[in-house]
Amino acid sequence: ITINEGMDEYRLPTHVVPLEYKLELDPLLPDISDPTYFNGIVTIKVQVVTETHVIVLHYDDLNISSCSVTDLENNNDTEIAISMVEEYNFYKINNVEGTFEEGKEYSIEIMYEGYHRDDMAGFYRSSYKDEDGNTRWLATTQFQATSARRAFPCFDEPGIKATFEISISRKSGLGAISNMELDEETTDDEWYRFKTTPPMSTYLVAFIVSDFEYGSDENTLKMDEVAVPDFSAGAMENWGLCTYRERLILFHESASTAQHKQSIATVVAHEFAHQWFGDLVSPEWWNYLWLNEGFATYFESFGTALVETEWRLPEQFVVRYVHSALSADSSASSGTMTRDVASPSSIRSLFDTISYSKAGSVIRMMEHFVTTDVFKRGLNKYLIARNHSDANEDHLYEAINEEFQASNPELNVDVKEVMYTWTRQAGYPVLTITASGNNLEITQKRFLLGTLQRPREDRVWTIPLTYVAQDGDFTDTKTKQWMKEATESITRPSDQDKWYMLNVQQTGFYRVNYDAENWQRLIDYLNSDEYDKIHPVNRAQLLDDALMLAREGELDYEVALDLTNYLDRETDYIPWYAALSNLAYLKRRLIGTDNYESFRTYILKKIDSIYNSLGFEDSDQHVDKLHRSLILTWACELDHEECVAISKEKFNSFRTSSSKEYF
C-alpha cells in the first residue's frame, strides 16, 4: 500500500518526535453552571531526528496566546515565527535564527484557550439531571481519531508516542480522573496531578472532571470504567480509563435482557482487548486500524467465552460477525481492510464493518489455518516485539509466520502472502463446486450482490480449504488443501451417493455454491432425523450461503427455500439466527405485495414447533433467552394470534403493576 498522490499533505513531517508532554488544564469556565471553555498550558519535550527549519504540530479550534521554544542544551530561547495551515490543522513553529539541529532536544511551551463543545469530540461538555431536576455539568474526552488536537496542541498521529504528565485544576464539588492514578505526593489543594503515563498515542489520552463517585482498588492496576451521559462512540479504550455509552455498561438485574447482558460483557471485553491491541501496540497509521478493531472484535467473543462458557460465543461469532461481514463486503464499493486514508473525514470512514467484523473474521480464519497454538505464540511474539510502540500488518505476519514455519517446515505457505490477498483487495470469493467423477472441480470468483454493471474481476484469493463428508468430523478445521489459483481440483471427500461440505464450521471467509446434486443431498439430509449431525454453525452456513446466493441469482430460489423447509424440526439458536436474518430481506421485499400472506403463513408454520417449545416463560439458560426473544419477536411481528394476545396481556399487567422501578 502506498500513499496516494496528495494524501501525504495531511501527515506531519518526521523531522521531530515528541518525548514527553506536560499538560495543565483549567476546565469548566467561566462557571460550572454554564461551562463553555477551558484554559491550558502544554509543554512538549521534543527531539530533532533530522535538521529542520520548522516544527509542525496539530491544533484544532484553539486560541493560542503564546508559544516559546527553549534549546535544552544551553537553556536559551529560540526566536520563532508562527504560521498556521487550518485546512490541515497545522501549527508551524519556524526557526527565525536558523535550524533546529539534529540530535538536540527542545522544549515547546504553548498557552491557549479551548472550547467545551457539545459535539462529543475533543474535551467536550456533557450533563445530566440530578434528582431535583438540576443540570449537572461535566467535562470529558473523546479523542479518537483526530480530536486530541482540540484539547491541546500535539503530534496527533497514532504512531507518534510519548509520555504524558497531566494536571487538572480543582473545582469545588468536582473530582477528576485521567489515564493514570493520582500522584499523592504532588497533588495539592489547587491541582489534581496524575502519575506519568507510559509512552502512548495522543488519541488514548483521557480525563474527566465531574461530580461522579469514583471507586478504587489499591490492590490492582487502575482500570476505570465510566458511563458518560453524552457519548457518540459505543465505547472507547483510553489507556486505564475506558468510557462507554450508559446503555453499554449499566446493567439492571431485574430489567436488562439477556442480549443487553451479553452486549455489556462483550463490549467491556472489546475495550480490554484494546489495552494490548491498540494501546500497548498502536497502528503505525490509521490505514492499519483493523489491527486494533479486528483483534478487539475477535477477543470480545473469544475472550468472554473463557468466562461465560455456556453462552456459545464462538458459534454466535459466526452468525453475528462473519455473516454480517460477508453481507457488507458483497458490495462493489466495499473497501479493503488495509486502505489509504489521510484526512480526518477519510479516517472516520474506516470505522466500519470491514475494519471490525471482516477483520475479526479474517483473523479467525488465520487462527485456524496456522492452528490455535501457533496463533497464540505468534501474537505473544508480536506484542513483545512491538511493546509500547507502533506496528503495521507486516510486523504481525512476521511474528506469526516465524512460529508457523517452525511448526510446518514442509509447507510452502507464507502467512503474509496469504493474508495480503484478504487485506489488500476488497471483497471475498464464492467457490463453485462441480462433481467430476472422483474429483471436485472448484472455481473462485468475487461474490458481488446487486451489481448491474459488474467490474472486470481478475482477483484471486489464497484460500485455506477445509471439507467434511457425510458422517465426518466437524471438529476438524485443519486446512486440507490450499487454493492459490482461480481453479482447483480436489479428490471428492465422500462417496458419490453421499453429500460433502466445504468450509468446516465456516472458518474461511468465503461462500460455497454446490452443484444441484449435492444441494439436493444436503436438503434431503436436513429433512431427516439425522440433520443435527451437521454442526449447528454449518447448518447456519448452508442457510446463509443458499439464501444470499439466491438473492444474487447464483442459485435458484426454489433450492434455497427448499433448504429452509427443514426448519420446523430445527431447535438450535445458531441456525435460526442465520435463517431469520436472511428471511428478513424477503419479508421487507414482500410486505405490501400479494405474495406476503403466503410468506407469512410459511414462516409461521416453520416457527410453530420452536415457538411452542420455548414459550413465554424464561429459563435459566442464557442462549435459550436469546432464542426465545428472537422467535417471539418474529411470531408477533407476523401476527401470530396467541403471541400477540399474550404480549398484550403481559404489557397490560405491567402497566397496572406497582413495580416499575426500571422505567
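The following conversation explains how several descriptions of this predicted model are reached.

Guide: This is a predicted model in which local features need pLDDT of at least 70 and side-chain atom pairs count only at pLDDT 80 or more, while totals for chains, interfaces and linings use all residues. Residues are numbered from 1 along each chain as its sequence is written, and side-chain values use heavy atoms, with hydrogens and water left out.

Visitor: What makes His270, His274 and Glu293 a "binding site" here?

Guide: The name comes from the UniProt record, an unreviewed entry, which lists these three residues under "binding site". They span 24 residues in sequence, yet no two of their C-alpha atoms are more than 8.5 Å apart, so they gather at one spot. UniProt positions follow the numbering used here, feature names are shortened, and annotations may be inferred rather than shown by experiment.

Visitor: Why is His274 called buried?

Guide: Buried means under 20% relative accessible area, exposed means over 50%, and partly exposed lies in between (1.4 Å probe, protein chains only). His274 has a relative accessible area of 0%, and therefore counts as buried.

Visitor: Why is Glu293 called buried?

Guide: The relative accessible area of Glu293 is 1%, so this residue is buried too.

Visitor: Which helices hold His274 and Glu293?

Guide: His274 belongs to helix H1 (residues 258-274), and Glu293 to helix H2 (residues 289-302). Helices (H or I, at least four residues) and strands (E, at least two) are DSSP runs, numbered from the N terminus.

Visitor: What does Glu293 touch?

Guide: Contact means heavy atoms within 4.5 Å. Not counting residues up to four places away in sequence, Glu293 touches Gln144, Glu237, His270, His274, Phe351, Ser355 and Tyr356. For His274, leaving aside neighbours within four places in sequence, the contacts are Glu237, Asp279, Leu280, Asn292, Glu293 and Ala296.

Visitor: Why is H7 called oblique to H8?

Guide: Helix H7 (residues 393-407) and helix H8 (residues 415-423) pack at an angle of about 140°, with their axes 9 Å apart. Axes are lines fitted to C-alpha atoms, for helices over the stretch in contact, and angles run from 0 to 180 degrees between N-to-C directions. Angles under 35 degrees count as roughly parallel, over 145 as roughly antiparallel, 65 to 115 as roughly perpendicular and the rest as oblique. The angle of about 140° therefore makes H7 oblique to H8.

Visitor: Which residues of H7 and H8 make the contact?

Guide: H7 contributes Glu393, Asp394, Tyr397, Ile400, Asn401 and Phe404, and H8 contributes Val415, Lys416, Met419, Tyr420 and Thr423.

Visitor: How do you know that S6 and S7 pair?

Guide: Two strands pair if DSSP finds at least two bridges between them. Six bridges join S6 to strand S7 (residues 90-95), and the two run antiparallel; in one of the pairings, Met84 has Tyr91 in S7 as its bridge partner.

Visitor: What makes S3 and S6 edge strands?

Guide: They belong to an open sheet of three strands in the order S3-S7-S6, with antiparallel pairing. Strand S3 (54-58) and strand S6 (80-85) each pair on one side only.

Visitor: Which strands lie at the edges of the sheet of seven strands?

Guide: This open sheet has the order S5-S4-S8-S2-S1-S11-S13, with mixed pairing. Its edge strands are strand S5 (76-78) and strand S13 (191-193). The twist averages 20° from one strand to the next. Within the sheet, eleven bridges join strand S2 (residues 37-48) to strand S8 (residues 105-115), which run antiparallel, and Gly40 stands opposite Tyr112 in S8.
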